[in-house]
Amino acid sequence: MKHSLDILPLNSWIEIGDKPLIIAGPCSAETEEQLVSTAHLLANTGKVNVLRAGIWKPRTRPGEFEGIGSIGLEWMKRAKEETGLLTATEVATAKHVEEALAAGIDILWVGARSTANPFTVQEIADALQGVDVPVLVKNPVNPDLSLWIGALERINRAGIKKLAAIHRGFSSYEKTAFRNEPMWDLAIQLKTIAPDLPIINDPSHICGNRELIPYVTQKAMDMDMQGLIIESHIDPSVAWTDAKQQVTPAALSDLLDSISVRKPESNNPAFEDKLTELRCQIDKLDDQIIKQIGDRMKIAEKIGEFKRDNNVTILQVSRWDEIVQKRVSLAKALNLGEEFTVKFLELLHNESIRKQNEIMNAKSVAEA
């Protein structure tokens with residue numbers, strides 16, 4: 001289902017040409033010297049469009065550094081005056097919105113914790129009524145696409161047409177190399193249902209470790225995301241917050257030089273002809289796959305009837321384990337990912353159980 005957002009194209013409210021939007025700066029504004037010095041180094045790269053810095057920091061536990069507060073807005077103003085960079089910061093309350101706008105902050109963003117709470121988003125949206133300012137909305141902490149879309153809609157309904165999403169990854173119980181799981185499929189879903197919405201990737205919060213940032217950055221560009229927001233500190237080793245995921249301005253410059261920015265389309269007729277041919281092959285195979293799945297489900301229905309007539313339960317765990325083991329081995333031989341294969345089998349299995357359950361219950365209902 002497509003979601004209609006009344007928004008303006010990214011290039012209409014910030015001049016980036018055919019390059020990705022680059023937002024960079026320290027996780028937190030710590031001191032005036034730290035912020036302004038970092039801003040100068042970022043501006044000198046010639047590759048950064050916007051200076052970001054956390055002024056108010058939502059912390060998990062009390063007693064941790066919760067941001068320098070409103071005085072940091074004055075530092076942002078000075079950095080802008082001296083470097084010409086636009087400025088951006090996170091807002092989590094109506095008061096934050098009012099103070100940031102009064103200080104001339106150019107771009108606001110709604111953080112992941114705020115996006116997860118519709119009451120908080122609505123408070124921010126109400127404070128933005130009648131204001132013409134770009135707003136970026138991070139995905140919620142947990143993998144909930146509806147919450148993300150809902151937050152975007154609330155901000156949009158407040159009259160904000162300069163709107164974009166930030167993909168910063170999602171929390172997960174599983175321990176992986178990432179601080180927040182990218183879950184690229186959710187970002188792709190958002191792009192699919194809101195194709196005009198710019199999506200900016202936040203590799204810093206996805207990775208939690210500067211060593212992984214180049215990998216995620218390139219993947220984001222390959223996913224046709226329109227920009228990057230990367231934490232950069234003049235000396236990450238002494239950063240007050242998130243030291244491990246920040247990079248120096250020089251390292252950021254090298255990173256941006258190393259990535260390949262590809263176009264979503266080509267004007268080469270030969271490319272378009274070949275792409276059309278290959279897509280036709282894909283369409284034909286997809287039709288065959290859907291038909292075979294339909295045939296598979298007809299057999300599942302017969303199995304359901306057979307189990308019903310012999311008073312046998314629908315689920316046999318040993319049979320499911322056998323299916324997974326055999327198909328995963330085959331998938332590996334065909335160079336298919338194990339995670340994809342297991343998810344695909346689970347979908348087939350769940351649909352088979354649903355079909356069999358309908359048959360079992362149909363008899364029970366008829367007898368009743």
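Accessible areas in this briefing come from the Shrake-Rupley method with a 1.4 Å probe. On that basis, the accessible surface of the protein comes to about 20000 Å², and 53% of this surface belongs to carbon and sulfur atoms. The structure is a predicted model. The protein has 14 helices and eight strands, and buried residues make up 43% of its 368 residues.

**Overall dimensions and contacts**

- The C-alpha trace of the protein spans about 80 × 55 × 40 Å along its principal axes.
- Of the contacts in the protein with a separation of 6 or more, 73% are accounted for by residues 24 or more positions apart.

- Strand β1 covers residues 21–25, and five of its five residues are buried, so β1 is largely enclosed by the rest of the structure.
- Leu21, Ile23 and Gly25 point one way from β1, while Ile22 and Ala24 point the other way; all are buried.
- Strand β8 (residues 227–231) runs parallel to β1 and is joined to β1 by five bridges. Within this pairing, alanine 24 has isoleucine 230 of β8 as its bridge partner.
- Strand β2 (residues 50–52) also pairs with β1 in the parallel sense, over two bridges. Here isoleucine 23 has valine 50 of β2 as its bridge partner.
- Between β1 and β2 the chain crosses through helix α2 (residues 32–45), and this β-α-β crossover is right-handed.

- β5 and β6 run parallel and are joined by four bridges. Valine 137 has alanine 165 of β6 as its bridge partner.
- A right-handed β-α-β unit is made by β5, α7 and β6.
- β6 pairs with β7 in the parallel sense over three bridges, and isoleucine 166 has isoleucine 200 of β7 as its bridge partner.
- From β6 the chain crosses through α8 to β7, and this β-α-β crossover is right-handed.

**Helix α8**

- Helix α8 comprises residues 184–193, and its buried residues are Trp184, Leu186, Ala187, Leu190 and Ile193.
- The cover over these buried residues includes α7, β6, β7 (199–201) and α10 (213–222).

**Salt bridges**

- The structure holds 22 salt bridges.
- In helix α4 (residues 94–102), glutamate 99 and lysine 95 lie four residues apart, about one turn of the helix. Their side chains meet in a salt bridge with an N to O distance of 2.2 Å.
- Glutamate 99 is buried because its relative accessible area of 18% falls under the 20% cut-off. Lysine 95 is exposed because its relative accessible area of 53% is over the 50% cut-off.
- Aspartate 132 forms a salt bridge with lysine 162, and the closest N and O atoms are 3.3 Å apart. This pair links distant parts of the chain, 30 residues apart: aspartate 132 lies in the loop between α6 (118–127) and β5 (135–138), and lysine 162 in the loop between α7 (145–157) and β6 (163–167).
- Aspartate 132 counts as exposed at 61% relative accessibility, whereas lysine 162 counts as buried at 18%.
- In helix α14, glutamate 358 and arginine 354 lie four residues apart, about one turn of the helix. They form a salt bridge whose closest N and O atoms are 2.7 Å apart.
- Glutamate 358 is partly exposed, with a relative accessible area of 43%; arginine 354 is likewise partly exposed, with a relative accessible area of 38%.
- An α-helix has 3.6 residues a turn, so residues three or four places apart point the same way.
- A network of salt bridges links Glu32, Arg78 and Glu82.

**Nonpolar surface patch**

- Leu330, Leu334, Leu336, Phe340 and Phe344 make a nonpolar surface patch of about 490 Å².
- Of these residues, phenylalanine 340 lies in helix α14, which covers residues 338–367.

Technical notes
Residues are numbered from 1 along each chain as its sequence is written. This is a predicted model: local features need pLDDT of at least 70, side-chain atom pairs count only at pLDDT 80 or more; totals for chains, interfaces and linings use all residues. Side-chain values use heavy atoms; hydrogens and water are left out. Buried means under 20% relative accessible area, exposed over 50%, partly exposed in between (1.4 Å probe, protein chains only). Two strands pair if DSSP finds at least two bridges between them. A crossover is right-handed if, with the strands pointing away from the viewer, the path from the first strand over the helix to the second runs clockwise. Patches are made of residues with over 30% relative accessible area and no salt bridge: like charges are joined within 9 Å, nonpolar side chains (Val, Leu, Ile, Met, Phe, Trp, Tyr) within 5 Å. A salt bridge is a side-chain nitrogen of Lys or Arg within 4 Å of a carboxyl oxygen of Asp or Glu. Contact means heavy atoms within 4.5 Å.
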